[in-house]
Amino acid sequence: MSRIAYVNGQYIQHSEAGVHIEDRGYQFADGVYEVCEIARGNIMDMTRHLERLNRSLTELKIAWPMNRRALQLVVKEVVRRNRVHNGLVYMQVTRGVARRDHVFPSPDTPPSIVVTAKRTDPRASAARAAQGIKVITVPENRWDRVDIKSVGLLPNVLARQQAKEEGAQEAWFIDPDGIVKEGAATNAWIVTKDGVLVTRPAETGILRGITRTTIFDVAKKLGLKIEERGFSVDEAKKAKEVFMTAATTVVMPIVAINGESVANGHPGTTTLSLREAFFDIAEKTPAC
Ligand code: PDD
């Protein structure tokens with residue numbers, strides 16, 4: 001089956017889809033994006049993702065490419081046309097096409113919008129979760145505004161690649177005080193010996209993950225306590241459980257840090273119960 005992409009007002013064959021060579025996303029990474037999980041035919045947490053998109057656009061003074069309601073319809077339509085039952089939907093908005101110049105183009109330059117969807121295999125993800133994944137640590141080398149979901153992801157790309165080359169699946173950025181910030185594309189969590197969930201505050205220094213936010217709802221339902229504070233790599237190594245969250249992985253257990261087994265080398269029960277409960281508690285928007 002052929003894939004369909006939405007590009008600036010048109011649904012076109014994915015293989016033929018493209019943006020202009022002077023799109024500012026292409027030249028300057030002058031754009032933002034969102035990724036939503038699609039689970040059992042539902043777009044997960046769409047309201048929160050669009051709210052964060054609004055925040056990213058506002059912070060960078062990029063206009064909405066269409067109104068929010070229209071974008072919701074496009075997202076649903078792309079998922080529907082690609083017949084994605086389980087997978088991911090990606091949306092990207094850039095400051096548009098203009099002759100190369102660092103300063104913003106004239107305000108009447110329309111932003112560019114691209115929406116794509118792809119299938120993923122929930123069984124593969126479940127198999128990964130049953131085993132747990134490995135992380136490495138790398139020094140933080142990103143800019144200060146990682147709270148904005150910008151398409152400028154070069155440090156993240158390099159960190160993930162390094163993880164892969166070292167036999168791991170994710171890289172954690174560590175701040176100069178040895179405190180874990182977040183993964184290249186995930187938020188980081190531990191569970192203490194007392195069963196308390198710990199994650200770094202999202203006011204500065206990390207992306208406020210939507211999965212992370214929804215985990216607060218899930219934890220409340222399950223009667224689990226969350227402490228928002230930094231934790232060191234050392235504390236993570238001694239923690240009862242370690243996991244990460246993102247739309248792409250939902251809740252994924254971590255069983256090794258820098259090649260050392262953590263949490264007895266097995267996914268923990270709290271982590272798996274959060275993963276299990278997530279679907280029921282998250283907002284679900286049927287794609288058709
Ligand atoms: N990444 N931190 C970073 C740096 C991220 O890029 C992401 C998401 C997260 C988790 O956010 P959320 O729960 O909203 O997915 C945290 C997406 C999935 C990506 O780049 O593919």
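**Notes on the ligand site and the aromatic residues**

1. Start with the make-up of the shell around the ligand: eight of its residues are nonpolar, nine polar and four charged. Gly goes with the polar group here, while Asp, Glu, Lys and Arg are the charged ones. A quick caution: this is a predicted model, where local features need pLDDT of at least 70, side-chain atom pairs count only at pLDDT 80 or more, and totals for chains, interfaces and linings use all residues. Numbering runs from 1 along each chain as its sequence is written, and side-chain values use heavy atoms, with hydrogens and water left out.

2. Which residues come nearest to the ligand? Out of 21 around it, they are Y33, E182, I210, T211 and A247 (a residue counts if one of its heavy atoms lies within 4 Å).

3. Now the polar contacts (pairs of N or O atoms within 3.5 Å). E182 brings a polar side-chain atom to 2.6 Å from a ligand nitrogen. I210 uses a polar backbone atom, 2.8 Å from an oxygen atom of the ligand. With A247, a backbone N or O atom is 2.8 Å from a ligand oxygen. On its own the ligand exposes 470 Å², and the protein buries 91% of that (Shrake-Rupley areas, 1.4 Å probe).

4. Why does the ligand lie between the domains? Because domain 1 (4-120) and domain 2 (125-283) both give residues to its shell; the bounds come from an automatic or database assignment.

5. The structure holds five aromatic pairs.

Notes: A polar contact is a pair of N or O atoms within 3.5 Å; within protein, one must be able to donate a hydrogen and the other to accept it, and residues adjacent in sequence count only if both atoms are side-chain atoms. Rings of Phe, Tyr and Trp (its six-membered ring) pair if their centres lie within 6.5 Å; planes under 30 degrees apart count as stacked, over 60 as edge-to-face and the rest as tilted.
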